[in-house]
Amino acid sequence: MTGFWITLIILLVAASALFLSAGWRQRQASSGDRDRLNTDFYQQRLRELERDEEEGVVAERPEMVRELQQTLLTDVPNERAARIHHSSRWVLLPGLIVLILVSVGFYLKTGGLAQLAGWVSVQQEYPQLRARVMDPKAAPLTMEELARLQLGLRTSLQDDPQNLNDWTMLGRLGMVLNNATNASQAFERALQLAPNNLELQQDYAEVLTRSSDPQDNRQANVMLKDLLKREHSNVRTLSLLAFNAFEQQQYDQAIGAWQVMLKLLPAGDKRITMIERSIEQAKTDAGQQNSHLALTVSLAPQAEKMLPQGGVMYISVSDGVSPVPVAVKRLPLSHFPLSLTLDDSNAMMPDRLLSAQHQVQVRVRISRDGSANPQSGDWFGLSAITPWDSHQQLAVEINQQQP
C-alpha cells in the first residue's frame, strides 16, 4: 500500500512539473520572439537606409540611424517590466491546483480506492482466516468471511501457482460459495498439477454436474463413467453419476446407480432412506409407477345432521411429519359414504409426489363457505399415519369439529 501511495505522489509531481515547465517555456518563448523580431526589424531598416543613401534618396542617414536605435531601446522592457513578467509566472499556480484536484477527484471516483482498501484488509486478515478454516475446533466462518478467504487465497496463488493444496481449497470454496466458474477454473488448474487424483476428478465432475449448461452435464457423465471403470464400487462416484443422470432425465441410469449404492452401503446407513426415496421419485418421473390411494369417506351421525348447504369437501394427504400436503383434492358435497382415488395428478408440488412417500395421513374437512383455510365449526376427520406401499386403501370418518 505504501508503494502505491509513493507511486501516486510521484505521478502527481511529474504532471505538475510538466505543467509548470510548459507554461514557463511558453512565456519565455514569447519574450524571446519579441526581441528577435525587433532585432530583425532594426537590421532590415539599416540595410534600407544604406540603399537609400547610395541612391541619393536620403541625405541625413546618421540622424535616421540614431532615431532607429532610440526606437529599438524604447521597445526593450525595463527592469520593472521584467519583474512583472517574472511575477506573472505565479498565475500558473491556480491551474496547478486545479490539475491536482481534478486528478485526485477522478481517481477517487473511478479508481477503485475502496476496493483497493478492501483488498489490503483481506490480505491482512488472510492468515487468520486460513488458520480458522483449518482448525476443526474454531468457530465456522460466515459466508462473508469465506468470500474474503477466497480472495486472499487467489492473491496468494499469484505468488505460488504450483501449490496443489491451495488450488484444491480454492475450488472447494467456489463450490461452497456457489461460484461454479471459479470452482471449475481452480479444479482445472489443480488437475494440471495432479491429473490422476481421483478426489479432484470427483470434485470437478461435481461442479460440472451442478452446472446449468447441458454440455457440462454431458462432460460430467463421461468423466464419471470413466472413473467407475477404474473403481466400480466408489460410492461417491455412483452418487454423482446417479444425480447427473437424474438431472438429464436418464432415469434408468440413475435408478441403476442408486440400486448399486444400496448394495454397497452398510445396514443402518442414514443415506439408504434418501436413496430409496430418490429411486421412487425417478420411477415416478419415468412413468414406471402406478400408485394410487383408494379412499372411503363416511360421516358420523352428529356430523350428518349438521351438513351445510353448498359446502365443499377438502381432502389432503401428508406424510405425517410435514404439515404441507403432498396431495389435495377439492369436491362438492354429495352422498356418503363416498369412494374416490388420489394419485400423483393431485400432487401439490412436482418434487413431492404421492408415489414417493413411505407413509401417509389423510385429513378430510367440510368447509361451510368453500374456504381453503380451516374455520371454527368445520367438521373434519383424520386417519392414522399409515405405511404407504403405493396401493393403499384407507377409510376416514368425519367425526370431529374444528374448535
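Which residues does tryptophan 258 touch, not counting residues up to four places away in sequence? They are Ala242, Phe243, Phe246, Ile275, Ser278, Ile279 and Ala282, where contact means heavy atoms within 4.5 Å.

## About the model

This is a predicted model, in which local features need pLDDT of at least 70, side-chain atom pairs count only at pLDDT 80 or more, and totals for chains, interfaces and linings use all residues. Residues are numbered from 1 along each chain as its sequence is written, and side-chain values use heavy atoms, with hydrogens and water left out.

## Nonpolar cores

Let's stay with tryptophan 258 for a moment. Together with Phe187, Trp258 has the most contacts inside the largest nonpolar core, which has 46 residues. Another core, of 23 residues, lies apart from it, and includes Leu295, Leu299, Ala303 and Val396. A nonpolar core here is a set of buried Ala, Val, Leu, Ile, Met, Phe, Trp, Tyr and Cys residues joined through side-chain atoms within 4.5 Å. Buried stands for under 20% relative accessible area, exposed for over 50%, and partly exposed for the range in between, with a 1.4 Å probe and protein chains only. In soluble globular proteins, nonpolar side chains tend to be buried together.

Helix α12 (251-264) also holds glycine 256, which counts as partly exposed because its relative accessibility is 28%.

Helices (H or I, at least four residues) and strands (E, at least two) are DSSP runs, numbered from the N terminus. Helix α10 has 17 residues, and at 1.5 Å a residue it should span 24 Å; its end C-alpha atoms are 25 Å apart, which agrees. The expected span is 1.5 Å times one less than the number of residues. Asn217, Ala220, Asn221, Met223, Leu224, Leu227 and Leu228 are buried in α10, and the buried residues of this helix pack against α9, α11 and α12. An α-helix has 3.6 residues a turn, so residues three or four places apart point the same way.

Serine 211 sits in the loop between α9 (198-210) and α10 (214-230). Serine 211 is buried, with a relative accessible area of 17%, and leaving aside its neighbours within four places in sequence, it is in contact with Asp216 and Asn217.

## The sheet

Three strands form an open sheet with mixed pairing, in the order β4-β1-β8. Because β4 (338-342) and β8 (391-398) stand at the edges with a single partner strand each, one side of each is left without a neighbour in the sheet. From one strand to the next, the twist averages 20°.

Strand β1 (residues 292-299) pairs with β8 in the parallel sense over eight bridges; for two strands to pair, DSSP must find at least two bridges between them. Threonine 296 stands opposite alanine 395 in β8.

## Backbone details worth a look

Most residues other than glycine have a negative phi, and most peptide bonds are trans. Asparagine 178, in the loop between α7 (164-176) and α8 (180-193), has a positive phi near 60°; asparagine 178 is exposed, with a relative accessible area of 68%. Glutamine 249 has a positive phi of about 65° and is exposed at 58%.

The peptide bond from phenylalanine 336 to proline 337 is cis, with omega near -5°. Proline 337 lies in the loop between β3 (327-332) and β4.

Notes:
Axes are lines fitted to C-alpha atoms, for helices over the stretch in contact, and angles run from 0 to 180 degrees between N-to-C directions.
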